[in-house]
Amino acid sequence: MLLMSAATSPAALAGQEEAEVVRQVPRWSVEGSLGSRMVGTFYDDFVTRKTLADLPSQTRWTETTELGPEARVVLRHNPVGGAGLYLTLLAGHSGTVARYSGALSPPEDISRSTNYYGVGFGLGMKLSEWDGGQGVLAYNLGTVALTQTIDLSPGHRDAFAQMDAKHPGEIRWTSRTSTSWGLDLGASLRVPVGRNSALRFSFRDLVIPVNTAQLAAQERSEVRSISSERVTFSLAPYTAHQLSLSAGFEYVVSRGNPRRDVVRVLPERVDVAVADPAVDAALAVAVAGDTARAIASLEQRVALVPQDGLAWRALALLQAPRAEFDPTVRDQTLAHLERALNMNPGDTELLRAYGRIRGMVQREGRVPEAVEVRRLELSRLAVQSGGDGSLRLSGAARGLGPDPKGTYRYAITVEVFDDGGGLVGVRPGLDEASVDSEGRLVLEGVGDRLPLALALDLFLVQPEPGIHSVRLRLTDLESGATVETSEGFEVPGG
């Protein structure tokens, strides 16, 4: 709370420059990881066979993949930033179970294996961070080229080729290879374990359209080499999901150029919560012994400027001694003390006076309602700045008092300073906002609920790249309480 007694020195509110922090953000990192391919399905549909002499026939083919080891190497750009590129190489192996049914032979299950390798690239986006930005939860979206080879040597369903009696005995089939482009989707959790190292836990889904045309061509070629038959095969389009989990070690191999954190540089707040000359004059009259005249002067002040919290404080404290001896003014004094407490929450002198007067009213047999002491609070500002001078401020406030209509009236003043503490001119992005002669943004508004959401768009009149500070002051027009917050930000260079 920024309201203070008239005896407080303005110099005590002087802004201080925070210590400069030099940071080097990781630019490139390399990750090696081991994991497991999850259970999935390579293909699950019909295969249609057609020759010149026969009618088309169909065989059902289901190839299910089992758990198996998978290794990855990932090169990342901007691994802890908001967005960064990645390049990945992967390879793995797993067992499979093939199930065939249809055609002229009974159903058959065959155990075999598959090997795969691929390359992918894409974009990683940060979802959240901790530990100074070194711990990161991110998701990735990219593309991958994947080659999968199924070993058919343990056997194959002979009816798949519709072999006749001229070709008896076991037939040794070769492998089947499918190469396809697909999507690389996933998420990862980066857990820092040192300045340049981290553990990375990842989940991925490779969405791969099976290259059925390539598989059909291999079937046609092999059947022709075995039986001299001219057979046409067609496989239904099928998209496989290859899921995997992995854990890896990431090492930062290079960092960006040193840059300093945004610092806060503010001039002295000599204009905040300083008593008006009228209040000082009334207090001087009271010290001289004319309390009635001082009270009349302060009543005139709060009537003209109801948001002057220091005037309400002085008025209530001057009235309190009289109320202790004069029951006729206790209700009015209690009301003034309540108003002053709302504008100066936590003021021990006001609280002591309020307790004494409230106790006297209760001993008279009356039980006044408890005062609602609202502490006006303003959240930390979120600041977004652009190279064109655009500035978006967002935050929230609570503790405002409702007016008789149940709405919350407030006023906002926004000041922007350069790195030397000089006031920077701004222009509003809203029609209802205005700018005073010194370049401060001034806005009055009305809200219907708490917490009050604040969102302001403005533009710097002459944007200069570099460190800046913004100060936002919020005034409750009902109680007159004032609170402010400030944040540093950087205008990016062109």
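At what angle do the axes of helix 4 and helix 6 cross? The axes of helix 4 (residues 309-325) and helix 6 (residues 348-363) cross at roughly 35° and come within 10 Å.

## Basis

This is a predicted model, in which local features need pLDDT of at least 70, side-chain atom pairs count only at pLDDT 80 or more, and totals for chains, interfaces and linings use all residues. Residues are numbered from 1 along each chain as its sequence is written, and side-chain values use heavy atoms, with hydrogens and water left out.

Helices (H or I, at least four residues) and strands (E, at least two) are DSSP runs numbered from the N terminus. Axes are lines fitted to C-alpha atoms, for helices over the stretch in contact, with angles from 0 to 180 degrees between N-to-C directions.

Helix 4 contributes Arg-313, Ala-316, Leu-317, Ala-320, Ala-323 and Glu-324 to the contact (heavy atoms within 4.5 Å), and helix 6 contributes Glu-349, Leu-350, Ala-353, Arg-356, Ile-357 and Met-360.

## Nonpolar cores

A nonpolar core is a set of buried Ala, Val, Leu, Ile, Met, Phe, Trp, Tyr and Cys residues joined through side-chain atoms within 4.5 Å. Buried means under 20% relative accessible area, exposed over 50%, and partly exposed in between (1.4 Å probe, protein chains only). The largest core has 31 residues, and Leu-298, Leu-337 and Leu-350 touch the most other members. Helix 2 (277-287), helix 3 (291-304), helix 4, helix 5 (330-343) and helix 6 each supply at least two residues of this core. The most come from helix 4, with 10 residues.

Apart from this core lies another, of 28 residues, including Val-414, Val-424, Leu-452 and Leu-474. Leaving aside neighbours within four places in sequence, Leu-337 is in contact with Ala-316, Leu-350, Ala-353, Tyr-354 and Ile-357.

## Salt bridges

With a salt bridge taken as a side-chain nitrogen of Lys or Arg within 4 Å of a carboxyl oxygen of Asp or Glu, the count comes to 28. One of them joins Arg-176 and Glu-219 (2.9 Å, N to O). Arg-176 lies in strand 9 (residues 176-192) and Glu-219 in helix 1 (residues 212-227), so this pair ties together parts 43 residues apart in sequence. Both Arg-176 and Glu-219 are buried.

Glu-364 and Arg-330 also meet in a salt bridge (2.2 Å, N to O). Glu-364 is partly exposed, at 36% relative accessible area, whereas Arg-330 is buried, at 10%.
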